[in-house]
Amino acid sequence: EVTLKSMSVDGLSVDSFLVDEPMIPLPRKNSNNNTWAFDSDSFRRYAWTSMPSTRWLEWSLMAYSGISLSELEESTIPIGMIETPVDITGGALSPEKWTQAVEEGGVPGLPHLLLVTALGDPLRSGGQYFKQVYEQVLMAAGETKPESKLSYMEAVSGHAGLYIFEPALFKRLMTVFLDKIRSVRRQRRFREDQLQNLNE
């Protein structure tokens, strides 16, 4: 959402953005994408075995979307069945919103996505869904090789486990991200040097 608004509202050219094990609800089946919930294969698989707990995740979904349920009513709803009509991603799951952001902001193109998911994460399915959405966005924008603007890594641990249990993956992720940062700085320095030469 922040990246989308930076592009469309502020007209900022975003080079890359990191999405780390995101909290992304999925469109409810047979709902015409009008409601969203955390129900997914990964959410059900790790409902009782992973941190953060799925009850806490659903409480977060209600907090983000403004849903208010009584404690008694909430306790009767099966795991993953709490729904919201609010897209808490701010349109990031809509390919059209990304195209619109590029057009409205007048930015040169779509940013490079660095996406991380984890095998033991109840939120894994949401992250994979976002990957599919962004691949659609890149293809629609004419990117013949979407992988050139999408770096995907998957941890074998649970949510946020890579920072503690997988130092090699963490180092690889930070190396890619640092390369992106340095690339932007080199481009900016090159433009500044050109401008200075013109002024001289």
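# Close-up views

**View 1. Lining of the largest cavity.** The residues that line the largest cavity are Ile 24, Leu 26, Phe 38, Ser 40, Pro 122, Leu 123 and Gly 126. The model is a predicted one, in which local features need pLDDT of at least 70 and side-chain atom pairs count only at pLDDT 80 or more, while totals for chains, interfaces and linings use all residues. Residues are numbered from 1 along each chain as its sequence is written, and side-chain values use heavy atoms, with hydrogens and water left out. A cavity is a set of points, on a 1 Å grid over the protein atoms alone, where a 1.4 Å probe fits but cannot get out; a pocket is an open set with protein on both sides within 12 Å along at least five of seven lines; lining residues have an atom within 4 Å of a point. The space in the largest cavity is about 30 Å³, a volume being the space filled by probe spheres set on the points, with grid points joined across faces, edges and corners. The structure holds 1 cavity of 30 Å³ or more. Its lining divides into 5 nonpolar, 2 polar and no charged residues, where Ala, Val, Leu, Ile, Met, Phe, Trp, Tyr, Cys and Pro count as nonpolar, Asp, Glu, Lys and Arg as charged, and the others, Gly among them, as polar.

**View 2. The largest pocket.** The largest pocket has a volume of about 360 Å³. It is lined by 16 residues, of which Glu 1, Val 19, Pro 22, Thr 89 and Ala 92 are the closest to its centre. Both α1 (2–8) and β1 (16–20) supply at least two residues of this lining; helices (H or I, at least four residues) and strands (E, at least two) are DSSP runs, numbered from the N terminus. By class, the pocket lining has 13 nonpolar, 2 polar and 1 charged residues.

**View 3. The largest nonpolar core.** A nonpolar core is a set of buried Ala, Val, Leu, Ile, Met, Phe, Trp, Tyr and Cys residues joined through side-chain atoms within 4.5 Å, and buried means under 20% relative accessible area, exposed over 50%, and partly exposed in between (1.4 Å probe, protein chains only). The largest such core has 22 residues, and those that touch the most other members are Met 7, Phe 17, Trp 98, Leu 110, Leu 113, Phe 130 and Tyr 134. At least two residues of the core come from each of α1, β1, α5 (95–105), β4 (112–118) and α6 (124–140). The most is given by α6, with 5 residues.

**View 4. Surroundings of Trp 98.** Residues up to four places away in sequence are not counted here; beyond them, Trp 98 touches Thr 3, Leu 4, Met 7, Phe 17, Ala 92, Leu 110, Phe 130, Tyr 134 and Val 137. Contact means heavy atoms within 4.5 Å.

**View 5. Two residues with positive phi.** Glu 21 is not a glycine, yet has a positive phi of about 45°. It sits in the loop between β1 and β2 (26–27) and counts as buried, at 5% relative accessibility. Ala 160, also a residue other than glycine, has a positive phi near 65°. Ala 160 lies in the loop between β5 (150–155) and α7 (162–165) and is partly exposed, with a relative accessible area of 33%.

**View 6. Arg 124 and its contacts.** Arg 124 belongs to helix α6 and counts as buried at 18% relative accessibility. Apart from neighbours within four places in sequence, Arg 124 is in contact with Ser 42, Thr 117, Ala 118, Leu 119 and Glu 154.

**View 7. Pro 146 in its loop.** Pro 146 is found in the loop between α6 and β5. This residue counts as buried, at 12% relative accessibility. With neighbours within four places in sequence set aside, Pro 146 is in contact with Leu 138 and Met 139. Between the C-alpha atoms of Pro 146 and Leu 12, which are 134 residues apart along the chain, the separation is 22 Å.

**View 8. Arg 189 in helix α8.** Arg 189 is part of helix α8 (residues 167–199). It is partly exposed, with a relative accessible area of 43%. Arg 189 and Glu 1 are 188 residues apart in sequence, and 28 Å lie between their C-alpha atoms.
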